[in-house]
Amino acid sequence: MSEGAEQRGWTGRLARSARSPGPVWTLTALIALLEFATPPRLVFGYLYVIPLLLGAPQRSRREAIGFLALCCGLTLLNLMVPEPAQPWGPVLIDRLLVCLALGVTTELCQRNRRLLIQQLDLEVRLAQTDLRRDMIATLAHDLKTPVLGTIATAQMLALDSAGAEGSLV
């Protein structure tokens, strides 16, 4: 198997598995467990970007914001679980920066989704325009061919009739 086909196969399997919500939620739960199993000074909230990106294509804006709120809530909850952070100021700032990064990523995913929808809409409109143009060209050709034949026949009949009248005179 070539490297390109192997890569398409790997990304295809990843994309297919991301379409069902199970793997995304499982990954989210694993990240939450990892985060809660470590002391608050270790920030693993950045890992929420992975399920955020994997689930982005099928999420509406409302669902994406809800998932963002869940990820940020889990990240901030780790300030208190398993034990409160001491000192909590720098750890809170780190976790708020993670939430900001997750928010930016969510917004970019939603913007990308909107652009893809616009691109598909444009491609459909271009295909419709091409179809109309081809249909008009085909109709014009199909109508023009018999009409031109009829005009040529009428001109030949007119010439024959004019030639016949001229020979009588």
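Trainee: Where is Pro39 found?

Mentor: Pro39 is in the loop between α2 and α3. Helices here are DSSP runs of H or I with at least four residues, strands are runs of E with at least two, and numbering starts at the N terminus. One caution before we go on: this is a predicted model, where local features need pLDDT of at least 70, side-chain atom pairs count only at pLDDT 80 or more, and totals for chains, interfaces and linings use all residues. Residues are numbered from 1 along each chain as its sequence is written, and side-chain values use heavy atoms, with hydrogens and water left out.

Trainee: What is the secondary structure of the chain?

Mentor: Five helices and zero strands. Along the sequence the pattern reads α-α-α-α-α.

Trainee: Why is Pro39 called partly exposed?

Mentor: Its relative accessible area is 25%. With a 1.4 Å probe and protein chains only, buried means under 20%, exposed means over 50%, and partly exposed is in between. Pro39 therefore falls in the middle class.

Trainee: Which residues is Pro39 in contact with, leaving aside its neighbours within four places in sequence?

Mentor: Asn78 and Glu83. Contact means heavy atoms within 4.5 Å. The C-alpha atoms of Pro39 and Pro82 are 7.2 Å apart, although 43 residues separate them along the chain.

Trainee: Why does Thr38 count as buried?

Mentor: Its relative accessible area is 12%, so Thr38 is buried. Thr38 also lies in the loop between α2 and α3, the latter spanning 49–55. Beyond its neighbours within four places in sequence, Thr38 is in contact with Phe44, Asn78 and Pro82.

Trainee: How far from the side chain of Thr38 is the backbone oxygen of Leu34?

Mentor: The oxygen lies 3.3 Å from a polar atom of that side chain.

Trainee: What makes Arg41 exposed?

Mentor: Relative accessibility of 62%, which means Arg41 counts as exposed. Arg41 has its place in the loop between α2 and α3. Arg41 and Gln86 are 45 residues apart in sequence, with 8.5 Å between their C-alpha atoms.

Trainee: Where is Val81, and why is Val81 called partly exposed?

Mentor: Val81 is in the loop between α4 and α5, which covers 88–168. Val81 has 34% relative accessibility, so it counts as partly exposed. Val81 and Pro40 are 41 residues apart along the chain, and their C-alpha atoms are separated by 7.7 Å.

Trainee: How do you know that the span of helix α2 agrees with its number of residues?

Mentor: The expected span is 1.5 Å times one less than the number of residues. For the 17 residues of α2 (residues 21–37) that gives 24 Å, and the end C-alpha atoms are 24 Å apart, so the two agree.

Trainee: Which residues of α2 are buried?

Mentor: Val24, Thr28, Ile31, Ala32 and Glu35. They cover an arc of only 100° around the axis (taken from the directions from the helix axis to the C-beta atoms), so they sit on the same side of α2. The face turned away from that buried side carries the exposed residues Leu30, Leu33 and Ala37.

Trainee: What about α4: what should its residues span, and which of them are buried?

Mentor: Its 17 residues should span 24 Å, and its end C-alpha atoms are 24 Å apart, which agrees. Its buried residues are Ala64, Phe67, Leu68, Cys71, Cys72, Leu74 and Thr75. Their arc is only 160° around the axis, which puts them on the same side of α4.

Trainee: How many aromatic pairs does the structure hold?

Mentor: One. The ring centres of Trp25 and Phe67 are 5.3 Å apart and the planes stand at 80°, so this pair is edge-to-face. The rule takes rings of Phe, Tyr and Trp (its six-membered ring) with centres within 6.5 Å; planes under 30 degrees apart are stacked, over 60 edge-to-face, and the rest tilted. Trp25 is in helix α2 and Phe67 in helix α4 (residues 61–77), 42 residues apart, and the pair links these distant parts of the chain.

Trainee: Which residue lies over the face of Phe67?

Mentor: Arg59, at 4.0 Å from the ring centre. The test asks for NZ of Lys or CZ of Arg within 6 Å of the ring centre and within 35 degrees of the ring normal.

Technical notes. Polar contact = N/O pair within 3.5 Å; in protein donor to acceptor, adjacent residues only side chain to side chain.
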